[in-house]
Amino acid sequence: MGASKDVAAKDGDSRLGRRALLIGGAAAAVGSAALARDELSRLWWRLPGVDKPRVAGAVDFRGARWVPASAANYRRADRPDDYPVDRVVVHVTQGGYASAVKVFQDPAHRAAAHYVVRRDGRITQLVRELDVAFHAGNRAYNERSVGIEHEGFVEDASSFTDAMYASSARLTAAICARYGMPVDREHIVGHVEVPGTDHTDPGRFWDWDRYLRLVRAVRGPSAA
Ligand SMILES: [Zn+2]
């Protein structure tokens with residue numbers, strides 16, 4: 001978890017800059033005859049002016065349960081149009097599932113992750129991936145990442161169950177696929193690795209090798 005206090009003001013100039021770059025990149029990509037159909041469908045909604053639909057209760061990961069976080073704990077955005085997404089940040093809740101959901105619904109908490117994965121592998125989504133959730137304690141990392149909390153404690157190895165690893169890996173694999181993100185430790189990071197953080201999660205008992213192996217197994221050999 002993070003105690004991030006993101007500033008709500010937006011940096012208009014740099015947003016325009018990124019958007020212009022995206023337009024150029026998309027236009028160049030569309031010119032390629034080798035572009036696959038699913039690649040095209042992935043790119044169309046990167047174009048500016050495309051207002052992505054928001055359906056009440058809809059989730060970005062099939063099978064996730066939708067429990068909305070307080071609007072004070074994230075910033076409405078239009079990712080990846082306004083901010084490219086190129087990181088998954090792995091967290092540990094330092095508490096039970098119910099208390100994590102409770103604080104993410106509390107406007108005074110000023111933090112929430114996009115997802116919480118329970119010990120039994122069930123996944124809850126609290127913030128749309130379109131939006132910037134305050135989970136990393138670092139504004140730039142919040143803007144570029146999807147945050148996944150895992151129920152448990154960093155100092156309790158038994159927190160991290162087989163079911164949790166398996167379902168979290170499926171979630172991360174889907175996120176990597178959605179944003180064209182490589183499956184590696186540069187792009188899938190722990191909260192502890194976010195610049196400026198004083199958080200230690202997911203901690204020494206989180207098995208990174210196992211986790212990346214599982215994510216790659218879902219994504220297939222091309223992901224490495
Ligand atoms: Zn954290």
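Which residues does Val215 touch, not counting residues up to four places away in sequence? In this predicted model, Val215 touches Ala169, Thr172, Ala173, Cys176, Val183 and Ile188 when residues up to four places away in sequence are left out of the count.

The crossing of α5 past α6 is right-handed. On the side of α5 the contact is formed by Tyr165, Ala166, Ala169, Arg170, Thr172, Ala173, Cys176 and Ala177, and on the side of α6 by Arg210, Tyr211, Leu214, Val215, Val218 and Arg219. Sorted by class, this contact holds 10 nonpolar, one polar and three charged residues.

The largest nonpolar core comprises 43 residues, and Val215 is listed with Ala112, Tyr115 and Ile148 as having the most contacts inside it. At least two residues of this core are supplied by each of β3 (87–92), α3 (97–104), β4 (115–117), β6 (132–133), β7 (145–150), α5 and α6, with the largest share, eight residues, coming from α5.

Most residues other than glycine have a negative phi, and most peptide bonds are trans. Gln94, in the loop between β3 and α3, has a positive phi near 60°, and this residue counts as buried because 20 C-beta neighbours lie inside 10 Å. Arg110, in the loop between α3 and β4, likewise has a positive phi of about 60°, but with 17 C-beta neighbours inside 10 Å Arg110 counts as partly exposed. The peptide bond from Arg79 to Pro80 is cis, with omega near 0°, and that from Asp201 to Pro202 is cis, with omega near 10°.

Definitions and conventions:
Residues numbered from 1 in each chain as written. Predicted model: local features only at pLDDT ≥ 70, side-chain atom pairs only at ≥ 80, totals over all residues. Left-handed = near helix turned anticlockwise from the far one by under 90°. Helix = DSSP H or I, 4+ residues; strand = E, 2+ residues; numbered from the N terminus. Contact = placed C-beta atoms within 7 Å. Nonpolar A, V, L, I, M, F, W, Y, C, P; charged D, E, K, R; others polar. Core = buried A, V, L, I, M, F, W, Y, C linked by C-beta atoms within 7 Å. Buried ≥ 20, exposed ≤ 12 C-beta atoms within 10 Å, placed from the backbone.
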